[in-house]
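Here is a short briefing on one protein chain. Look over the sequence and the structure first, then read the points below.

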Amino acid sequence: MPVKICLFFILSFCSFAVFGVQDTDSLQLICQKQSNKSVNFEDLQWMFRERVRVESQDQIPKHLDFFIQHTSGIKSQNYSFDTASIHKENLFAMSNMTDDPLLVWGNTLAQEIENFKVLKDSLAKVFNPSGYRLKFLQSERGLARQMDLFNRGRSMTALSLHNFNLAVDAGIYRRGRYLRRSNWYARLGSMAKDLGAFWGGDFVGFPDIGHIQAFSNGANLVQKFPGLAFEYIRFKEIYAQNYASTLARGQGDLVEDTRQLIVELNKIRVQKVCACQQAITIPKDLTAQWFEQFKGVSTGYVYVNEPAGWVYIKNGDSGYFYPLGVYLFAAKN
Ligand SMILES: [Zn+2]
């Protein structure tokens, strides 16, 4: 035993001494204050996304105005939601302005959505026990509707694969009557799995026997399409709270998908510029006139003063100043 302990000490000391690094926790990101960081407009989009909670439809901004102040001058960029002119470079900004993620990500996910549609068609063909009928009830879903289901405890996730048209709820009917329970659901699930899909009946802790989806979970989707992290990020706090409280009840196995998603999102954000958590007081050199430029009620604003190391973020009536920083993984323990 003493030998083991001793060896452990030597090994951990060596790894610390040789690499000079401590173990980090990929579940915990911290925004560490750091000035003189150069920022770009995509950074501003993320800052807006991570700091502004949009709780209802009428808080969704119709325009976004972004400013970056360098020592040499001020650059600005603005975005309006116009599906006809969606450019790849402002997809991020656009997704702040709609309840329907597919208006923004439809092109990115076109192939996956088409594959899933083909899979549903095949499933409908192979599932034909006599006397029973299969109906697909709901596939696409808006963000507000999903949030409503989540808040009422009807769904376990704040952002669902339904929101990307990559999940469907199936109903089995007998003589025209919908069956809430039937062994045929498990049969349907295994057929779906044979075709490469994932069955809600396998969900740990909250089986959903009519549900079929194209990816095993959100983490898996984000891994394949990292851009989608932008949709998931605004729910990260909710996911993190849910994970922590479920873990505290000793039911970590129920939130394994959540854990994977948080880690995936963190991996995408680490080392990137951030607006640090704690708001700061109004910088002294700012005049009333300076604030005049942020008057639009349906416009979201982000103004970064790069040399001074702060960012001003405003949506609706509320605007706050934050220090600029960089995301790092927290040290373990
Ligand atoms: Zn479902």
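Helix α10 covers residues 236-248, which makes 13 residues. From its first C-alpha to its last, α10 reaches 18 Å, close to the 18 Å expected at 1.5 Å a residue. The model is predicted.

**Domains and their contact**
- The chain is divided into domain 1 (19-97 + 228-331) and domain 2 (110-223).
- Taken over C-alpha atoms, the centres of domain 1 and domain 2 are separated by 33 Å.
- Domain 1 gives 16 residues to the contact, and domain 2 gives eleven residues.
- On the side of domain 1 that touches domain 2, α9 (229-232), α10 and α11 (256-269) each supply at least two residues.
- The largest share of that side of domain 1, six residues, comes from α11.
- By type, the residues on that side of domain 1 are nine nonpolar, two polar and five charged.

**The nonpolar core**
- In soluble globular proteins, nonpolar side chains tend to be buried together.
- In this model, the largest nonpolar core has 70 residues.
- Met47, Val302, Val311 and Ile313 have the most contacts inside this core.
- Helix α2 (residues 41-51) gives the most to the core, with five residues.
- Domain 1 and domain 2 each provide at least three residues of this core.
- Leaving aside neighbours within four places in sequence, Val311 is in contact with Met47, Ala275, Val302, Tyr303, Val304, Tyr322 and Leu324.

Terms used:
Residues are numbered from 1 along each chain as its sequence is written. This is a predicted model: local features need pLDDT of at least 70, side-chain atom pairs count only at pLDDT 80 or more; totals for chains, interfaces and linings use all residues. Helices (H or I, at least four residues) and strands (E, at least two) are DSSP runs, numbered from the N terminus. The expected span of a helix is 1.5 Å times one less than its number of residues. A nonpolar core is a set of buried Ala, Val, Leu, Ile, Met, Phe, Trp, Tyr and Cys residues joined through C-beta atoms within 7 Å. A residue is buried if 20 or more other C-beta atoms lie within 10 Å of its own, exposed if 12 or fewer, and partly exposed in between; C-beta atoms are placed from the backbone. Domain bounds come from an automatic or database domain assignment. Two residues are in contact if their C-beta atoms, placed from the backbone, lie within 7 Å. Ala, Val, Leu, Ile, Met, Phe, Trp, Tyr, Cys and Pro count as nonpolar, Asp, Glu, Lys and Arg as charged, and the others, Gly among them, as polar.
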